[in-house]
Amino acid sequence: MTDMNVFHGFLAAIRQLPQAARVETMDDAERVKRAKGVMRKKIDRSLALDLEACVNCGYCSEACHVVRATGEARFAPSRKLDLLRRFHARESSAFAPLKRLFTSDITAAELREWQELVYDGCTECGRCSLVCPMGVNTARGVNVMREVLSEAGLAPAELMAVAQEQAGAGTVFGVGPNELKEALQALQAQGIDIPVDAPRADVMMVTTVIDVLLYHDALAATARILNHLGVRWTIRSAGFEAANFGLLAGDEALQHAASRRLIDEALAIGAKTVILPECGHAYPALRWEARLDDGGPLPFEVLAASEYVGREVQAGRLKLRPVEGRPRVTYHDACKLARHGGVVQEPRDALRAIGVDLRETIPTAEQNWCCGGGAGTFLINRAAPLRHKAWAIKREQIDATGADTVVISCGSCRLNFMAGAEEDAWPVEIRSLVEMVAAQLPA
Ligand code: SF4
Ligand code: SF4
């Protein structure tokens with residue numbers, strides 16, 4: 001059970017973030033120059049194809065929770081890439097000299113306008129790409145736009161503040177190795193065996209600031225499941241933070257540095273598997289985007305906690321007791337896990353193994369609607385009203401299932417659900433998947 005005082009303290013800390021950001025001052029000409037520099041570097045063959053392929057059919061708008069929630073065409077997925085498209089037309093497309101004659105250059109005012117579109121107004125959920133007849137990967141283009149704006153000094157102050165903290169002190173919301181150890185000691189005092197900084201291990205468990213500060217239940221649950229399975233595992237205090245504010249803010253150098261900490265620790269102990277916590281964006285950051293220094297693939301498996309638990313159930317190694325009373329439960333798929341990562345069956349198999357009455361939202365799984373709080377939008381204070389409207393779509397879909405409990409495998413989604421539930425006095429219980437599974441371990 002989450003301590004609501006800690007939750008409210010976390011929300012208060014988010015409200016203070018803008019004051020902690022070091023805002024880089026530069027004139028408009030410099031902003032545009034820097035923005036174009038990133039566009040030039042990032043528009044590769046695949047992004048160029050995406051930019052040229054769009055036929056303006058508008059299907060993607062119907063699939064986007066931000067457009068649905070606001071009813072505003074300015075948030076249309078295809079429009080979010082317009083600045084990239086114009087730059088490409090003028091600078092790198094086949095007929096650039098000709099197109100330059102009738103395509104206007106981008107301006108600093110437009111860069112400012114796009115800040116709301118690609119940070120507040122896009123969770124990089126990828127739902128728009130499912131319906132696009134041309135297969136345009138809007139989420140990737142939006143992530144490039146975040147890099148563009150970050151380089152132009154226009155990332156939202158909240159994300160800038162946490163990214164600067166992670167790049168400088170190496171902490172996130174003040175959580176570093178000492179704070180981790182304190183949290184782990186509290187769990188050890190409850191009798192949970194947690195091997196910290198073991199020199200060799202098959203499995204390296206990674207956690208995140210949200211679990212260290214707020215969701216001790218998820219942290220404890222993963223540890224209890226690993227102990228029950230008898231694997232040789234550890235958590236490393238020099239590389240434990242899965243949250244990657246380089247990816248969220250658009251700072252590529254920080255993204256690599258944050259992943260590098262985890263990779264170095266996994267290599268040092270000879271880990272065969274790295275288990276990520278319940279954190280949506282940590283999954284693409286380490287599993288899909290991280291590479292060794294020489295560009296080679298990681299020599300270990302990267303699994304989300306829900307994926308790992310589900311696989312153990314599927315393999316018959318993890319046997320669980322049924323929950324009493326067969327509660328009505330629905331599962332919320334975090335976009336980065338289900339749509340981007342294909343983690344769909346594993347959490348459901350784990351829930352079926354504990355005998356719940358599993359009900360699906362319509363739509364569900366890869367087609368699932370985003371909760372509205374992903375890709376760092378939960379930290380952007382001015383985005384709160386937009387986020388809440390997007391969450392209301394999700395709330396209605398869950399209400400239609402008749403479930404009394406929604407199970408979640410992403411700390412960010414869980415935060416957004418808790419904020420929405422509190423604002424609307426929503427009675428549905430919100431639980432972590434690993435916590436629910438660990439509660440049903442055999443005695
Ligand atoms: S990635 Fe998601 S939030 Fe972003 S434009 Fe597409 S559907 Fe909308
Ligand atoms: S669905 Fe695809 S082709 Fe149609 S407007 Fe959206 S991005 Fe363009």
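The shell around ligand 1 holds 5 nonpolar, 3 polar and 2 charged residues, where Ala, Val, Leu, Ile, Met, Phe, Trp, Tyr, Cys and Pro count as nonpolar, Asp, Glu, Lys and Arg as charged, and the others, Gly among them, as polar. Its members are C64, H65, P77, K80, C122, T123, E124, C125, G126 and C128, a residue being near a molecule if one of its heavy atoms lies within 4 Å of it. Around ligand 2 stand C54, V55, N56, C57, G58, C60, S78, C132, P133, M134 and V136. By class, this second shell has 8 nonpolar, 3 polar and no charged residues.

The model is predicted, with local features needing pLDDT of at least 70 and side-chain atom pairs counting only at pLDDT 80 or more, while totals for chains, interfaces and linings use all residues. Residues are numbered from 1 along each chain as its sequence is written, chains are lettered from A and ligands numbered from 1 in the order in which they are written, and side-chain values use heavy atoms, with hydrogens and water left out.

Most residues other than glycine have a negative phi, and most peptide bonds are trans. The phi of E124, however, is positive, near 55°. This residue sits in the loop between α9 (108–120) and α10 (127–131); helices (H or I, at least four residues) and strands (E, at least two) are DSSP runs, numbered from the N terminus. A cis peptide bond runs from I362 to P363, with omega near -5°, and P363 belongs to the loop between β6 and α22 (384–401).

One has 4 strands in the order β2-β1-β3-β4, with parallel pairing; two strands pair if DSSP finds at least two bridges between them. Its edge strands are β2 (233–234) and β4 (301–304), each pairing on one side only. Helix α17 packs on this sheet, touching β1, β2 and β3 (273–276), and its direction makes about 150° with that of β1. Contact means heavy atoms within 4.5 Å, and angles run from 0 to 180 degrees between N-to-C directions of axes, which are lines fitted to C-alpha atoms, for helices over the stretch in contact. Between β1 (residues 203–205) and β2 there are 2 bridges, and M204 has T234 of β2 as its bridge partner. Helix α19 (residues 305–314) lies across β3 and β4, at about 95° to β4.

The other open sheet also has 4 strands, ordered β6-β5-β7-β8 with parallel pairing. At its edges are β6 (357–359) and β8 (429–432). Strand β5 (residues 328–332) pairs with β6 over 3 bridges, and V329 has L358 as its bridge partner in β6. Helix α21 (residues 345–353) lies across β5, β6 and β7 (405–408), running at about 165° to β5.
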